[in-house]
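Subject: Structure for you to look at

Dear colleague,

I am passing on the structure that we spoke about, with the sequence alongside. Please open it first, and then read the notes that follow.

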Amino acid sequence: MKILNLYACLGGNRYKWGDDHDITAVEWDEELARLYQYRFPKDKVIVADAHQYLLDHYKEYDFIWSSPPCPTHSRFNLSMKTKRKMKYPNMKLYQEIIFLEYYFNGKYVVENVIPFYEPLIPAQKRHRHLYWCNFNLPKVLTERKNPDLSRTKGLVKALSKFHDYDFTKYKGKQLRYKIARNLVDYEAGKTILDTAMGVMIKQDTKQTELW
């Protein structure tokens, strides 16, 4: 398949996808893009605005995964309302969900945190994530137990082990622990892609039978 991986970061979701697909990754942070390319040398990596890239290129792909920035939607952000200057929730999340649902002909997944408000569009909740997609997900995406994210001491080291990646390689401007926290469990990423492929194969088989 031709796959578009938006807001790709270090490719947590992509880690177990293998190399049989034609994958394009879009990431704004040049350092993250450099590390992603080193990690997945066969992928095409583009440093660009993922939101705009989706609008310009969505017709070129069979499967699209998007993980828009989540801080303004998070429950942690709400807990800080008396301690920091607040921002409007970033509504690009819902723009992409609506856009993909009505304009994209392939399978898609938009992943984000569980927000501090009732989601404006119903999603499929799995562990600490919400997934908006046009196919049903299994009730269990991974059997792996995520490290305790409330800890402060040794969190990056624990997440490095969990994600099988050394986050100290990152030399950019973002905080390493935030990058590490935001990665999707690679087993969940594999389960979701495998599920999407299974649905697409069934649809193709039914279409063939009709002909």
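Buried residues, meaning those under 20% relative accessible area, as against exposed ones over 50% and partly exposed ones in between (1.4 Å probe, protein chains only), make up 48% of the 211 residues in the protein. Please keep in mind that this is a predicted model, in which local features need pLDDT of at least 70 and side-chain atom pairs count only at pLDDT 80 or more, while totals for chains, interfaces and linings use all residues. Residues are numbered from 1 along each chain as its sequence is written, and side-chain values use heavy atoms, with hydrogens and water left out.

As to the overall build, the protein has seven helices and seven strands, where helices (H or I, at least four residues) and strands (E, at least two) are DSSP runs numbered from the N terminus. Read from the N terminus on, these elements follow the order β-β-α-β-α-β-α-α-β-β-β-α-α-α. The radius of gyration is 17 Å, close to the 17 Å given by the globule rule for 211 residues, so the protein is as compact as a globular protein of that length; the radius is taken over C-alpha atoms, and the rule is 2.2 Å times the number of residues to the power 0.38. Taken along the principal axes, the C-alpha atoms fill a box of roughly 60 × 40 × 35 Å. The protein exposes about 12500 Å², of which carbon and sulfur atoms supply 54%, with areas from the Shrake-Rupley method, a 1.4 Å probe and, for residues, only the protein chains shown as cover. Among contacts (heavy atoms within 4.5 Å) between residues at least 6 apart in sequence, 57% join residues at least 24 apart.

Strand β1 (residues 2-6) runs parallel to β4 and is joined to it by four bridges, two strands being counted as paired if DSSP finds at least two bridges between them. In that pairing Ile3 stands opposite Phe63. Strand β5 (residues 107-113) also pairs with β4 in the parallel sense, over four bridges, and there Trp65 stands opposite Val109.

The interior comes next. A nonpolar core is here a set of buried Ala, Val, Leu, Ile, Met, Phe, Trp, Tyr and Cys residues joined through side-chain atoms within 4.5 Å, and the largest one has 23 residues, with Leu4, Leu6, Val26 and Ile64 having the most contacts inside it. The elements that give two or more residues to this core are β1, α2 (50-57), α4 (92-103), β5 and β7, and α4 gives the most, with five residues. A second, separate core of 22 residues includes Ile3, Ala8, Ala25 and Phe40. Leaving aside residues up to four places away in sequence, Leu6 touches Val26, Ala50, Tyr53, Leu54, Ile64, Trp65, Ser66 and Ser67.

Within α5, the residues Leu155, Ala158, Leu159, Ser160, Phe162 and His163 are buried. Asn146, found in the loop between β7 (129-133) and α5 (155-163), is buried at a relative accessible area of 18%, and it touches His127, Arg128 and Phe162, again not counting residues up to four places away in sequence. Directly after the helix comes Asp164, whose phi is positive, near 55 degrees. Asp164 lies in the loop between α5 and α6 (176-182) and counts as partly exposed, at 46% relative accessibility.

Most residues other than glycine have a negative phi. Cys9, in the loop between β1 and β2 (22-27), also has a positive phi, near 50 degrees. Cys9 is buried, with a relative accessible area of 14%, and Cys133 is buried with a relative accessible area of 14%. If a disulfide is taken as a pair of cysteine sulfur atoms within 2.5 Å, the count comes to zero.

Lastly, Phe116 sits in the loop between β5 and β6 (124-126) and is partly exposed, at 32% relative accessibility. From C-alpha to C-alpha, Phe116 and Thr195 are 29 Å apart in space, and 79 residues apart in sequence.

With best wishes
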